[in-house]
Amino acid sequence: MGTTQLEAVQEPKYWHLKTVLGDALDSEFEVGEILPNERDLAARFGVARATLRQALEQLELEGRLQRRRGVGTTVAPPRIGVSVGPSANVWPGAGRDAWSTVGCAEAVPPAPLAALLGVARDETVHTVRRERVMQGQPVATELLYVPAASVPDLSRMLTPATHAPAVLAELHRLELEGEDRSVELGSARAEDAKQLDRLPGAPVLVVTTRYYAAGRVAAASVATYRADTCRLTFGDSGGLEVLHNSAPERRAS
């Protein structure tokens, strides 16, 4: 079996176009400016629209462009640094939490989360939805999953207005023993995309955090960050796995 010489591999046309477009963004366009439509851009650079779309998608993934509902494709501002490091052993919603609560419901979590929490696949858990806003724009949405076993003293007399505060208050009664988190690239689900003012399928960064108490996972959260505007930063002591194709590649501690 022969081997492929990397030097002989031709650069894909869309990748070369991405470089050319990137240079044009730096020299011809301002932050927030709307790009010409795909037909005009394809004609200008002499490429097929399919090739142009691949280049534009790559630039969006790299945070150079933003696709906005009802507006079009615009030049993105520099990414916002968002800290997702260790929370100094405090539960979500405690201390100087950067998140605000949107609502809470009892729902069956996705199968991977049920396995993570150690609950039956058809068991409902308290699901707190939260959002994070920076510089006046939504940058992340989060679902915090809390099994009933973690908050056994939760009152049954709950209303939509008291559900989330009651869940968080009971969770805070537990001694948090530690937490870890992983991050992977994903695509925005319809509900998250709407909350983040993105298009469904847009690239996002998904941060999954496990919270430990009494020797087990007492709660877990899945936070979805806009990949076009966010640059995630982690503290030196926060457990972190960088995931690719659902397989851990690196772990820092």
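This is a predicted model: local features need pLDDT of at least 70, side-chain atom pairs count only at pLDDT 80 or more; totals for chains, interfaces and linings use all residues.
Student: What is the overall make-up of the protein, in helices, strands and buried residues?

Tutor: The protein has 6 helices and 12 strands, and buried residues account for 42% of its 253 residues. Of the contacts between residues at least 6 apart in sequence, 65% join residues at least 24 apart.

Student: Why are H1 and H3 called oblique to each other?

Tutor: Helix H1, residues 13-28, packs with helix H3, residues 49-61, at an angle of about 60°, and their axes are 8 Å apart. Angles under 35 degrees would count as roughly parallel, over 145 as roughly antiparallel, and 65 to 115 as roughly perpendicular, with the rest called oblique. An angle of about 60° belongs to that remainder, and H1 and H3 are therefore oblique to each other. The crossing of H1 with H3 is right-handed.

Student: Which residues make the contact of H1 with H3, and how do they divide by class?

Tutor: On the H1 side the contact involves Lys13, Tyr14, Trp15, Leu17, Lys18, Leu21, Gly22 and Leu25, and on the H3 side Thr51, Leu52, Gln54, Ala55, Leu56, Gln58 and Leu59. By class, these residues of the contact of H1 with H3 are 9 nonpolar, 4 polar and 2 charged.

Student: Why are H2 and H3 described as roughly perpendicular to each other?

Tutor: Helix H2, residues 38-45, packs with H3 at an angle of about 100°, with 9 Å between their axes. Since the range for roughly perpendicular is 65 to 115 degrees, the two helices H2 and H3 are roughly perpendicular to each other. In this contact, H2 contributes Glu38, Arg39, Leu41 and Ala42, while H3 contributes Arg49, Leu52, Arg53 and Leu56. The contact of H2 with H3 has 4 nonpolar and 4 charged residues, and no polar ones.

Student: How do you know that Thr127 is buried, and what does it touch?

Tutor: Thr127, in strand S5 (residues 125-134), has 11% relative accessibility, and because the cut-off is under 20%, Thr127 counts as buried. Not counting residues up to four places away in sequence, Thr127 touches Gly103, Cys104, Ala105, Ala107, Leu143, Leu144 and Tyr145. One of these, Leu143, is 16 residues from Thr127 in sequence, with a C-alpha to C-alpha distance of 6.3 Å.

Student: Why does Ala214 count as exposed, but Asp197 as partly exposed?

Tutor: Ala214 is in the loop between S8 and S9, and because exposed means over 50%, Ala214 at 65% relative accessibility counts as exposed. Asp197 lies in the loop between helix H6 (190-195) and S8, and with a relative accessible area of 38% Asp197 is partly exposed.

Student: What is the phi of Ala214, and what is the phi of Asp197?

Tutor: Ala214 has a phi near 55°, which is a positive value in a residue other than glycine, and the hairpin of S8 and S9 where this occurs has 2 residues between the strands. For Asp197 phi is near 60°, again a positive value in a residue other than glycine.

Definitions and conventions:
Residues are numbered from 1 along each chain as its sequence is written. Side-chain values use heavy atoms; hydrogens and water are left out. Two strands pair if DSSP finds at least two bridges between them. Helices (H or I, at least four residues) and strands (E, at least two) are DSSP runs, numbered from the N terminus. Axes are lines fitted to C-alpha atoms, for helices over the stretch in contact, and angles run from 0 to 180 degrees between N-to-C directions. A crossing is left-handed if the near helix is turned anticlockwise from the far one by less than a right angle, and right-handed if clockwise. Contact means heavy atoms within 4.5 Å. Ala, Val, Leu, Ile, Met, Phe, Trp, Tyr, Cys and Pro count as nonpolar, Asp, Glu, Lys and Arg as charged, and the others, Gly among them, as polar. Buried means under 20% relative accessible area, exposed over 50%, partly exposed in between (1.4 Å probe, protein chains only).
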